[in-house]
Structures are given as structure tokens and as C-alpha cells.
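I am opening a notebook on a structure that is new to me, and I want to keep a careful record of what I look up in it. The entries follow the order in which I turned to each part.

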Amino acid sequence: MTEAAAKLLDSSGLDGHECLVDALVVATAALCTPPVLLVTSDKSHIPTLCKAAEELPGSPRVKIVNV
């Protein structure tokens, strides 16, 4: 899990200190069985990390539901 989160941070260009929890949430979602919905109010880091997750081998598309 932490390895996937680190890859997300690296490929998205986001700072690990500031976005670590968001990266762990998206990495967890990316490892789930599709279809994957991620409910969040974050409109800055989560979409960027979800886009980066699409590049991970075998990861499903993570659809974001903003609340």
C-alpha cells in the first residue's frame, strides 16, 4: 500500500508531506475491485492522485464523487 502511495506521489509531482494521507486513500481505492467510487470533498489533491493512479499497472479507474 505504501509503495503504491509513493508511486502516486512521485508520478503526480505532489509533496509527500502535504499529501500523504490523500495518497494512501487513493492507493487503497486503486487496489480495490472495480467499479471504484471515491467520495471526497477534496477538489485539489484527490483528482490529481486519481489520474496518476490510472497509470499504475492493473489499477481500475477511480471515479470521484464530490460532496
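This is a predicted model: local features need pLDDT of at least 70, side-chain atom pairs count only at pLDDT 80 or more; totals for chains, interfaces and linings use all residues.

**Entry 1: V36**

I began with V36, which is found in strand 1. Which residues does V36 contact, once its neighbours within four places in sequence are left aside? I find A29, P60, R61, V62 and K63. With a relative accessible area of 7%, V36 is buried, because the cut-off for that word is under 20%. I then looked up the pair V36 and K51, which are 15 residues apart in sequence, and found their C-alpha atoms 13 Å apart in space.

Staying with strand 1, which covers residues 36–40, I moved to T40. Is T40 buried or exposed? Its relative accessibility is 12%, so T40 counts as buried. The side chain of T40 reaches the backbone nitrogen of D42 at a distance of 2.9 Å. Leaving aside the neighbours within four places in sequence, I list I46, I64, V65, N66 and V67 as the residues that T40 is in contact with.

I also looked at the loop between helix 2 and strand 1, where P35 has its place. The peptide bond that joins P34 and P35 is cis, with omega at about 0°.

**Entry 2: helix 1 against helix 2**

Next I turned to the helices, starting with helix 1 (residues 2–12) and helix 2 (residues 16–30), whose axes come within 8 Å and cross at roughly 120°. Helix 1 and helix 2 are therefore oblique to each other, and their crossing is right-handed. On the side of helix 1 the contact is made by T2, A4, A5, L8 and L9, and on the side of helix 2 by G16, C19, A23, L24, V26 and A27. When I sorted the residues of this contact by class, I had 9 nonpolar, 2 polar and no charged residues.

**Entry 3: L8**

One residue from that list held my attention, and I looked it up by itself. L8 lies in helix 1 and, at 0% relative accessibility, it counts as buried. What does L8 contact beyond its neighbours within four places in sequence? The residues are A23, V26, A27, L49, A52, A53 and L56. For the pair L8 and A23, which are 15 residues apart along the chain, I note a separation of 6.5 Å between the C-alpha atoms.

**Entry 4: helix 1 against helix 3**

Helix 1 also packs against helix 3, at an angle of about 105° and with the axes 9 Å apart. That makes helix 1 roughly perpendicular to helix 3. Here I wrote down L8, L9, S11 and S12 of helix 1, together with T48, L49, A52 and A53 of helix 3, as the residues that make the contact. By class, this contact of helix 1 with helix 3 has 5 nonpolar, 3 polar and no charged residues.

**Entry 5: helix 2 against helix 3**

Helix 2 passes helix 3 in a right-handed crossing. The contact is made by E18, C19, D22, A23, V26 and A30 from helix 2 and by H45, I46, L49, C50 and A53 from helix 3. These residues divide into 8 nonpolar, 1 polar and 2 charged.

**Entry 6: C19**

Not counting residues up to four places away in sequence, C19 touches L9, L14 and H45. C19 and L49 are 30 residues apart in sequence, and I record 9.3 Å between their C-alpha atoms.

Note on methods. Residues are numbered from 1 along each chain as its sequence is written. Side-chain values use heavy atoms; hydrogens and water are left out. Axes are lines fitted to C-alpha atoms, for helices over the stretch in contact, and angles run from 0 to 180 degrees between N-to-C directions. Helices (H or I, at least four residues) and strands (E, at least two) are DSSP runs, numbered from the N terminus. Angles under 35 degrees count as roughly parallel, over 145 as roughly antiparallel, 65 to 115 as roughly perpendicular and the rest as oblique. A crossing is left-handed if the near helix is turned anticlockwise from the far one by less than a right angle, and right-handed if clockwise. Contact means heavy atoms within 4.5 Å. Ala, Val, Leu, Ile, Met, Phe, Trp, Tyr, Cys and Pro count as nonpolar, Asp, Glu, Lys and Arg as charged, and the others, Gly among them, as polar. Buried means under 20% relative accessible area, exposed over 50%, partly exposed in between (1.4 Å probe, protein chains only). A polar contact is a pair of N or O atoms within 3.5 Å; within protein, one must be able to donate a hydrogen and the other to accept it, and residues adjacent in sequence count only if both atoms are side-chain atoms.
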